[in-house]
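Please consult the sequence and the model while reading the points below.

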Amino acid sequence: EVCAGTIGGLLSFWDVENAKLKFEIDGRRDIAGGRKMNDRQTADNNASSRYFTSVCYSADGSCVLAGGNSKYVCIYEVSQQILVKKFQVTFNRSLDGVLDELNSKQMTDFGPMDDHAGSDDE
């Protein structure tokens, strides 16, 4: 059996011998992260961090550890197809994508003030 993460946020489990899809686990809600600094939409509407980029089986093959461009790492039990545990791997508020909401006072029509505050192109 092989597990692959899709861009749609699914974990697809394939039977290698028959080349058939066995089942899928929907992880979009589990992996959903915060807003990036330049995002103009809320974290709920942002699909950029709602998929897994890394998938790894546990030593005994009963669980899958999956993570991506999010602040969360998820452990799924394969035979039950359920989320066992979701870990938040960082609480560092200065990292991009950790905050669920950004301070709208710092936003301008051209993006965050921090991005163009020091530019001399005026």
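Strands S2 and S3 make up a hairpin that has four residues between them, and Ala-19 in its turn carries a positive phi of about 55 degrees. The model is a predicted one.

**Pairing of S2 with S3**
- Strand S3 covers residues 20–26 and pairs with S2 in the antiparallel sense, over six bridges.
- Phe-13 has Phe-23 in S3 as its bridge partner.

**Pairing of S2 with S1**
- Strand S1 comprises residues 2–5 and is joined to S2 by four bridges, the two strands running antiparallel.
- Opposite Val-2 stands Trp-14 in S2.
- S1 and S2 also form a hairpin with four residues between the strands, in which Gly-9 adopts a positive phi near 90 degrees.

**Surroundings of Ser-12**
- Ser-12 has a relative accessible area of 3% and is therefore buried, the cut-off for that term being under 20%.
- When residues up to four places away in sequence are not counted, Ser-12 touches Val-2, Cys-3, Ala-4, Thr-6, Leu-21, Phe-23 and Glu-24.
- Among these, Glu-24 is joined to Ser-12 through a polar contact of 3.0 Å between the two side chains.

**Background on strands**
- Side chains in a regular strand alternate between the two faces of the sheet.

Key
Residues are numbered from 1 along each chain as its sequence is written. This is a predicted model: local features need pLDDT of at least 70, side-chain atom pairs count only at pLDDT 80 or more; totals for chains, interfaces and linings use all residues. Side-chain values use heavy atoms; hydrogens and water are left out. Buried means under 20% relative accessible area, exposed over 50%, partly exposed in between (1.4 Å probe, protein chains only). A polar contact is a pair of N or O atoms within 3.5 Å; within protein, one must be able to donate a hydrogen and the other to accept it, and residues adjacent in sequence count only if both atoms are side-chain atoms. Contact means heavy atoms within 4.5 Å. Two strands pair if DSSP finds at least two bridges between them.
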